Amino acid sequence: MRAEPPLLRLEAVGHHFGGLTVLRSVSFDVPAGAIVGLIGPNGSGKTTLFNIVSGYIRPLAGSITYRGTPLERETIQQRSQAGLVRTFQTPQVFEQMTVLENVMVGCCKLTRTRMLQDLFRTPAARGQMKAIRDQAEAACERFRLASLRHQPAGSLTAGQRRILEIARAVVGRPSLLLLDEPSAGLNMQEIESLRDWIVRLNADGMTILLVSHDMGLMTVAHTVHTLYFGEIIASGSMSAIQRDPRVREVYLGV
Ligand SMILES: Nc1ncnc2c1ncn2[C@@H]1O[C@H](COP(=O)(O)OP(=O)(O)OP(=O)(O)O)[C@@H](O)[C@H]1O
Ligand SMILES: [Mg+2]
């Protein structure tokens, strides 16, 4: 019997910016249903790896497969439509649009321009719009954004923007969610909620690749990979990683 391919597979991925080598032969799998963590000091290449997986940057070496199919030629939109969705280290929200409209964009998995052109056009589109709105309203409730839903996203605090971005990312039920430093800018209570959401989304079947400097949050991950100057230097459970002498020396500073 043939084994199922992992949801995401990175094989010998390499990248450099000019003379600066940022990733050297990075290989790991993200199995379907897992929460996989990625840690590493500032500048170790975590966001660059996310940019490569989500299609913002083409890798200069190696290959990436998603559900066993090479991703190289897929655009950002095609990846998102295939269920591969990411959030950004600095939350990206549509400032002029309301919180609810921002979440609606996530339901459509389309670019803002395309969505605004298409919506309202035909009765069928208006019916679809109602369904999308209902779905977005429910997500606002779930992520405790309901009282803010008619406010422009530009008026939100850093923490609220972060939560809005996560709500917009998950409302379309991605298969693979990439979260880049999702707890940055959140208070303790918001981090607790974030942790609960990650666990719940995963229990509902969402596979998650998580980058975080927050070691408490990182304990949600089943497997953690440690990047150091673009190389994976240790992989395992968070507790094993925390005991690894090399990781302690280069990252945890102990
Ligand atoms: N577009 C770019 N052009 C040139 N250098 C870049 C570019 N993007 C990132 N870098 C450099 O690549 C290295 C890795 O950056 P990256 O943002 O991937 O690190 P990171 O692990 O996400 O760090 P942090 O924990 O601070 O978010 C850094 O030295 C950074 O300055
Ligand atoms: Mg980063």
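Arginine 67 takes a positive phi near 50 degrees in the hairpin of strand 4 and strand 5, which has 2 residues between the strands. Strands here are DSSP runs of E with at least two residues, helices are runs of H or I with at least four, and both are numbered from the N terminus. The model is a predicted one, where local features need pLDDT of at least 70, side-chain atom pairs count only at pLDDT 80 or more, and totals for chains, interfaces and linings use all residues. Residues are numbered from 1 along each chain as its sequence is written, ligands are numbered from 1 in the order in which they are written, and side-chain values use heavy atoms, leaving out hydrogens and water.

Threonine 65 sits opposite proline 70 of strand 5. Strand 4 (residues 61-66) also pairs with strand 1 (residues 8-17), again in the antiparallel sense, over 5 bridges. There, leucine 10 has isoleucine 64 of strand 4 as its bridge partner.

Then there is ligand 1, with 13 residues around it, the closest being Gly43, Lys46, Thr47, Thr48 and Gln89; a residue is counted if one of its heavy atoms lies within 4 Å. Helix 1 gives the most to this shell, with 3 residues. An oxygen atom of ligand 1 lies 2.7 Å from a side-chain N or O atom of lysine 46, and a polar side-chain atom of threonine 47 is 2.8 Å from an oxygen atom of the ligand. Glycine 45 brings a backbone N or O atom to 3.0 Å from a ligand oxygen atom.

Note on methods. Polar contact = N/O pair within 3.5 Å; in protein donor to acceptor, adjacent residues only side chain to side chain. Pairing = 2+ DSSP bridges.
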